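Subject: Structure for you to look at

Hello,

Here is the structure I promised to pass on. Please open it first, then read my notes below.

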Amino acid sequence: MRIRHAVATVTLAATAALTMSTAASAAPALRLACGVSDQGLPGNIYNNGVYVGQVEQQYDSCSRTAIAHFQWSGGFQGNGSQVKVYLMASNGYAGQATIGDQNSKDVYGYVNIHATSPDIWTAIASLDQICPAYSTQHDYSNGASLAGPQDSNCSIPNP
């Protein structure tokens with residue numbers, strides 16, 4: 001009788017463990033939170049010794065999008081200049097450029113990191129179509145920061 005009871009107990013325990021492991025594997029996987037993070041270091045733009053702003057590269061892990069983010073300096077805003085913001089891959093492929101004026105503190109350019117191969121991108125901003133600054137070049141295949149950043153110093157007459 002004791003042997004029969006012991007076998008039944010072991011069988012019941014094994015069935016419960018199997019049921020629990022099946023239920024655990026059937027449960028939906030936990031999703032990690034996604035969001036926007038900075039990649040590497042920003043590049044700064046100066047004009048006639050005055051700080052204009054900086055360009056940085058960001059990554060949106062939800063959409064797998066690289067973002068070129070330029071932010072105007074409050075001291076330079078309002079002089080009538082424009083900034084061209086975009087991302088360029090290491091193979092020369094350029095994402096769609098955004099031209100922004102100083103009506104907005106922030107100017108953004110976007111590109112899917114898999115738009116070309118390899119997935120190595122740099123954020124670029126140029127003041128009045130000249131005088132580019134570069135963020136750190138970022139390799140999305142392994143998370144490494146490669147070249148850069150590079151600041152720019154211009155002498156563009158104020159409009």
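A word on the source: this is a predicted model.

**Aromatic pairs**

The count comes to five aromatic pairs. One of them is Tyr59 with Tyr140, and that pair is tilted. The ring centres are 5.1 Å apart, with 45 degrees between the planes. Tyr59 lies in strand β2, while Tyr140 sits in the loop between β9 (138–139) and β10 (144–145). The pair therefore ties together parts that are 81 residues apart in sequence. Buried means under 20% relative accessible area. Tyr59 has 16%, so Tyr59 counts as buried. Tyr140 has 15%, so Tyr140 is buried as well.

Tyr93 and Trp121 form another pair, and this one is edge-to-face. Here the figures are 6.1 Å centre to centre and 80 degrees between the planes. This pair also links distant parts of the chain. Tyr93 is in the loop between β4 and β5 (98–100), Trp121 is in strand β7, and 28 residues separate them. Are the two partners buried or exposed? Tyr93 is partly exposed, at 36% relative accessible area. Trp121 is buried, at 0%.

**Ile113**

Trp121 and Tyr140 come up again here, as both touch Ile113. Ile113 lies in the loop between β6 and β7. Its relative accessible area is 4%, so Ile113 is buried. Leaving out residues up to four places away in sequence, the contacts of Ile113 are Tyr59, Arg64, Thr65, Ala66, Asp119, Trp121 and Tyr140. Take Ala66: Ile113 and Ala66 are 47 residues apart in sequence, yet their C-alpha atoms are 5.8 Å apart in space.

**The sheet**

An open sheet of five strands runs in the order β6-β3-β2-β1-β11, with mixed pairing. β6 and β11 (152–154) stand at the edges. Each has a single partner strand, so one side of each is left without a neighbour in the sheet. On average, neighbouring strands are turned by 20 degrees against each other, direction ignored.

β3 pairs with β2 in the antiparallel sense, over eight bridges. Thr65 in β3 is the bridge partner of Asp60. Four residues lie between the strands of this hairpin, and Arg64 takes a positive phi near 55 degrees. β3 also pairs with β6, again antiparallel, over seven bridges. There Thr65 stands opposite Asn112 in β6. How many residues of β3 are buried? Seven of the eight are, so β3 is largely enclosed by the rest of the structure.

**The core**

The largest nonpolar core has 25 residues. Ile45, Phe70, Trp72 and Leu127 touch the most other members. Leu127 has contacts with Ile45, Asn47, Val52, Trp72, Phe76, Ser81, Gln82 and Ile156, not counting residues up to four places away in sequence. In soluble globular proteins, nonpolar side chains tend to be buried together.

**The disulfides**

How many disulfides does the structure hold? There are two. Their pattern is 1-2, 3-4, with bonded cysteines counted along the chain.

One joins Cys34 to Cys62, with S to S at 1.9 Å. The link is right-handed, with 95 degrees about the S-S bond. Cys34 is in the loop between α1 (2–26) and β1 (36–47), and Cys62 is in the loop between β2 and β3. The two are 28 residues apart. Cys34 is partly exposed at 46% relative accessibility. Cys62 is partly exposed too, at 47%.

The other joins Cys131 to Cys154, with S to S at 1.1 Å. The torsion about this S-S bond is about -125 degrees, so the disulfide is left-handed. Cys131 is in strand β8, Cys154 is in strand β11, and they are 23 residues apart. Cys131 counts as buried at 12%. Cys154 is buried as well, at 9%.

Best wishes

Definitions and conventions
Residues numbered from 1 in each chain as written. Predicted model: local features only at pLDDT ≥ 70, side-chain atom pairs only at ≥ 80, totals over all residues. Heavy atoms only, no water. Core = buried A, V, L, I, M, F, W, Y, C linked by side-chain atoms within 4.5 Å. Buried < 20%, exposed > 50% of the residue type's maximum accessible area, 1.4 Å probe, protein only. Contact = heavy atoms within 4.5 Å. Pairing = 2+ DSSP bridges. Axes fitted to C-alpha atoms, helices over the stretch in contact; angles between N-to-C directions. Disulfide = S-S within 2.5 Å. Phe/Tyr/Trp six-rings, centres within 6.5 Å; stacked < 30°, edge-to-face > 60°.
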